[in-house]
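Thank you all for coming.

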Amino acid sequence: MDKPQKDSADDHKMADSKKEPVTACLLSAAFFGALGSSFLYGYNLSVVNAPAQYIKAFYNKTWLERYGQPIGAETVTLLWSITVSIFAIGGLVGALSVSFIIKVLGRKGTLLVNNSFAVIAALLLSLGEMAKSFEMLIVGRFIIGVDSGIALSALPMYLGEISPRHIRGSIGQFNSILICLGVFIGQVLGLPQLLGQESRWRYLFTFLAFPALLQLCVLPFLPESPRYLLMEQRDEAGAERAFQRFLGKKDVSEELEEVHAEARARDNLHTVSVVHLLRSPAVRWQLITVIITMACYQLCGLNAIWYYTNGILREAGFAEQILPYITLSTGTIEILSAIVSGLVIERIGRKPLLIFGFSAMAFFFGLLTIFLNFQDRVLWMPYLSYICILAVIASFCSGPGGIPFILTGELFEQSYRPAAFMIAGTVNWLSNFAVGLLFPFIQEMLQTFAFLVFMVVCTFGSIYLFFVLPETKGRTFLDISQSFAKINKIPVSSPGQEMELVLSEKWEKAQDVVKMESSF
């Protein structure tokens, strides 16, 4: 009988919170936090495409000056492959290290220190040609990969913890929007009329330093995550001030109580290890959900789309010199779709957008397979293929392109969150590397039917999310965590039962210690 009253009270609070304006402090933290983080990730996804032939020529020239003979075709292909793929390896290293850095420096501190990697990478990549060292380019790509690996974990964590729950999804989508903007800016600056020339390509990498320096100028004056301050630093006064600045109001007792309630449910307020997270039955299905969602994020086939875009445009009869300008439409579609997703996510919800995105991608991959197999026979078929490519990109950015990062922050309580982001980041970068490694072989074997593999991945992701993922829109982190209690077979419905679980875990640990001591 009490539950309807509680739900109506929660709805009333949500209605009141929606009347509160979004503060300049919160928007600044979201924009500048993403500018020096996810924007650089997106920029580095596209920036190497335009100067590829000039970088290979630089490798050949440097090799000739060093060893007195031209570089072999296999060697230059190997060096170029390393230059491209080492970005993902650096991202994996960054993802593996992020939980340790965040524990020491906090969310904002990690983002600030991470800018040093971007500046160092910009110097190495920009000066490599002048120093006649292709090794500097490879090391620079690795370091900017480390920067991206850290950023894609620290930024969503920061945004999720500073946002009021009624706009947590919209603020979280700044991550996705700035990734898309970074990809687009990389495409624009790489145009031949701008920096995509043999004499200017190094300035494409010099640009990396500017977003990082801009973040360094603004972010120090914005607050740290109030949840981090209260639950991990035990700084209630600092957390109250942070809430007041982010929310633009003096009375933040309700927000502080929400954090305290989450803290009371867990006696361990310190960050848990990855091993503890993997072994904990209380978060088993949250972890499985994040792993599957993040794997589908990379394995859904969007990266493979770029492989076919220029070829399809050539088949349609577009001149080679205007292809870079036409492909800008893909970046435009990405940005618009991500912005629309950010505007509607709090009305529609995370789950429907994810399921729609993956399902629509599967549908358009099926159509694209059909159109690709008929484009040699029908004159206008390449145009339909290109429309399908734009539809796949729009479907991806409508949900799967950003929501997996939001979910990773929402499905876990404070003590589990850094370890969860470390695992999610590892899955993300390993999947990214796997696609880059395996897709050429898949494409060679299956030709135009390669997209059917990605159609299966997207279909599986949609089905899994439909049956397992609860809606997280407008809910507290504690509520979301408890919604998994039934599937995790952990009966957590009250503070008393939660404490029993904590005590049982402590008892199991104590028994393990006794066994270890007796063995000696």
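A disulfide here is a pair of cysteine sulfur atoms within 2.5 Å, and by that definition the structure holds zero disulfides. This is a predicted model, in which local features need pLDDT of at least 70 and side-chain atom pairs count only at pLDDT 80 or more, while totals for chains, interfaces and linings use all residues. Residues are numbered from 1 along each chain as its sequence is written, and side-chain values use heavy atoms, with hydrogens and water left out.

C180 itself counts as buried because its relative accessibility is 4%, where buried means under 20% relative accessible area, exposed over 50% and partly exposed in between, with a 1.4 Å probe and protein chains only. For C296, the closest cysteine sulfur is in C458, and 7.2 Å is again too far for a bond.

Now to the helices, which are DSSP runs of H or I with at least four residues, numbered from the N terminus. The axes of α5 (residues 73-127) and α10 (residues 209-218) come within 9 Å and cross at roughly 155 degrees; these axes are lines fitted to C-alpha atoms over the stretch in contact, with angles from 0 to 180 degrees between N-to-C directions. The two helices are therefore roughly antiparallel, a label for angles over 145 degrees, whereas under 35 counts as roughly parallel, 65 to 115 as roughly perpendicular and the rest as oblique.
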